[in-house]
Amino acid sequence: MTGNGTQADGPRAALAAALTLSATGDREAFRRVYELTAAKLFGICLRICGERQAAEDVLQEVYLIVWRRAATYRPERSHPVTWLATIARNRSLDWRRSPRARGAVADPVEAEETVDDAPLADQRIVAGEDGRRLDDCMDRLDERPRHAIRSAFLDGLTYADVALRVGVPLPTMKSIIRRALIRLRECLNDDA
Amino acid sequence: MTPDDRILAAELVVGLLTAEEAARAEQRRTDEPAFAAEVEWWETRLAPLLDRYREVTPPPYIAARIEALLDVPHVAPRAARLPWRSLSLGAAVGALAALIAAWLLTPATVTTPVPPVSAPTAPARLLIAQLAWTDKATAPAPVAVVDPASGALRLTRGVDTPAGRVGELWRIPVGGKPVSLGLLPRDAAPAIRVAQANLPATGSTLAISIERRGGSPTGQPTGPVVAAGVVERL
């Protein structure tokens, strides 16, 4: 992660410090981590789970995981929000893929309207150089796979979900997305 | 790292995989450093997408609930990514069987099991489940031993619960819903009695969830599952 010298360094450092202190069992620090990030993580849980009750349960679980795994966070390797958000996203994906969720997940079509939401300026935490690079590379993809990859990531859709939403046979959807992922990797890897 | 591996890492991070595929990929992430590095590469590159999630303030009681659960040692089921069947002990050893049988049949008040010279009643019919904590833990997980003849079930150790909470033991038939076996007494080696009709079958799963006092009100686990393991014949 880059981000040296940006305005976000203050909050980033404060959050990284709180997270590191949490690892020592400091509840006050852990409370600070929660206050600084709960709205972000709840937004993730809610969007992927598509259901309030589930999102609340997952959020609770996420912070208990954070409490226990805070010691594994490496400030030099990732932005604390990225680290936390990844846990929230993965736990939400687990819930969405679990038998409990079947039939309870949000209608994908309903969620589609929000797919291309641009990040709000004041909620832009992670981006910067990396965000511009990703935007550039995504823009070079065809519209269909670009849309599919973005909504799969944000809404927690599987290949089958995406294929259903777009109305394309699953094997076709898979090969379209896989080709796009290869191109995306080449583009992102291009250290120009 | 084959091109297919690179795609798989991307698929895992984007979230395109089914639960089973994701569990397999997560396993490779644990086992193969090169694959793990590729997954991390994708996580970093795609991280800016996380900015697109809108913030939503969670209800205030969530913070209180989390706070209350911080003292529970090993909360949080990893159900979807945790292949429960892989938690099983595998074949148990015969000599151990006799020891465990003796321990199981020892009254709860006797703390030191007496190794028998000859095995007590029908040890071969005993069922055993090596439970595993559902998240990282420092303490060893309990082993459950069941004597189908008497319905006696004992755990080699108890489960820590916060005040006002209790451990509830469940059997989960293969492909079925959890069925309660009862509440675990707060004890270093909790013992309960299971009705014949309620005995767990070989291959089914035993699991412990943390419930409010009096047990789950719904007949299904409502609290976090803290330990689970597959029932084997000893």
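Predicted model: local features only at pLDDT ≥ 70, side-chain atom pairs only at ≥ 80, totals over all residues.
## Chain B at a glance

A residue is called buried if 20 or more other C-beta atoms, placed from the backbone, lie within 10 Å of its own, exposed if 12 or fewer do, and partly exposed in between. Residues are numbered from 1 along each chain as its sequence is written, while chains are lettered from A and ligands numbered from 1 in the order in which they are written.

Chain B has 5 helices and 9 strands (DSSP runs numbered from the N terminus, with at least four residues of H or I for a helix and at least two of E for a strand). Reading from the N terminus, the order is α-α-α-α-α-β-β-β-β-β-β-β-β-β.

## Where the chains meet

The contact between the chains draws on 52 residues of chain A and 40 of chain B; two residues are in contact if their C-beta atoms, placed from the backbone, lie within 7 Å. On the chain B side, H1 (3–14), H2 (19–31), H3 (33–46) and H4 (61–69) each supply at least two residues. H4(B) gives the most, with 5 residues.

## H3 of chain A, covered up

Now for chain A: H3(A) has 18 residues, and 13 of them are buried. How do two packed helices get described? By the angle between their axes and the distance between the axes.

The axes of H2(A) (residues 27–49) and H3(A) (residues 52–69) come within 9 Å and cross at roughly 140° (axes are lines fitted to C-alpha atoms, for helices over the stretch in contact, and angles run from 0 to 180 degrees between N-to-C directions). That makes H2(A) oblique to H3(A): angles under 35 degrees count as roughly parallel, over 145 as roughly antiparallel, 65 to 115 as roughly perpendicular and the rest as oblique. Among the residues making this contact are A:Phe30 and A:Leu41 of H2(A), plus A:Val58 and A:Trp67 of H3(A).

## H3(A) meets H4(B)

H3(A) also packs against H4(B), at an angle of about 45° and with the axes 10 Å apart. These two are therefore oblique to each other. From H3(A) come A:Glu56, A:Leu59, A:Gln60, A:Tyr63 and A:Leu64, and from H4(B) come B:Ile62, B:Arg65, B:Ile66 and B:Leu69.
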